[in-house]
Amino acid sequence: DLKIVIDSLAKRENIDANNIALVGHSQGFYVAFMYATQDRRVKALISWMGRTSDFKDFASKVWLREAKRKGYTFFLDGYTILFDPYIKDSMKYNSENTLSKLRTPVGMIYGEADDEVPIEEGFRVKKYSKGKTEIKIMESLTHFFTGKQGIQNEVVEITNKWLKKWLS
């Protein structure tokens, strides 16, 4: 799906098809960095509280067996996740290996008040990636962009600064 979106945008006159940045929030960043190693048009990545570890690394074996038995599980605020195909598909990825192939700059924003994705996820990018990485930890930022007044604007400003620097 991400390739289709990028291919479609790349056809537009006002888009530099060889200078693409991907911004991903939470699981969206996992998808973005996994894809970025396969498409040379992607020149920068931005993580907004992005997940970088594999599903199998944060799900317990007991939890996985129960999800497989029932065919689904509840996750994050009561959303239902089907075992097949989502969980089953998620088990085949190796983020450590993919991150070690990453050469693009990565800007990462994480929140001290985020109860969903720990800041440690960003430090995995710094540890394994071969590209330039910058991380900004914001004290009151939650996973859903709430916190002190104006925090959303701060996230956008930091993102824009990185994009200007890396795509210019």
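Author: Two strands pair if DSSP finds at least two bridges between them; strands (E, at least two residues) and helices (H or I, at least four) are DSSP runs, numbered from the N terminus. Here, Ala21 has Ala44 in S2 as its bridge partner. This is a predicted model, where local features need pLDDT of at least 70, side-chain atom pairs count only at pLDDT 80 or more, and totals for chains, interfaces and linings use all residues. Residues are numbered from 1 along each chain as its sequence is written, and side-chain values use heavy atoms, leaving out hydrogens and water.

Reader: In which sense do S1 and S2 pair, and over how many bridges?

Author: Strands S1 (residues 20-25) and S2 (residues 42-48) are parallel, with six bridges.

Reader: How do I read the faces of S1, and which residues are on the covered one?

Author: In a regular strand the side chains alternate between the two faces of the sheet. In S1, the covered face has Ile20, Leu22 and Gly24, while Ala21, Val23 and His25 are on the uncovered face.

Reader: What about aromatic pairs: how many does a search of the whole structure find?

Author: Rings of Phe, Tyr and Trp (its six-membered ring) pair if their centres lie within 6.5 Å; planes under 30 degrees apart count as stacked, over 60 as edge-to-face and the rest as tilted. The search finds five such pairs. One of them, Tyr30 with Tyr93, is edge-to-face, at 6.5 Å centre to centre and 85° between the planes. Tyr30 lies in helix H2 and Tyr93 in the loop between helices H5 and H6, so this pair ties together parts 63 residues apart in sequence.

Terms used:
Buried means under 20% relative accessible area, exposed over 50%, partly exposed in between (1.4 Å probe, protein chains only).
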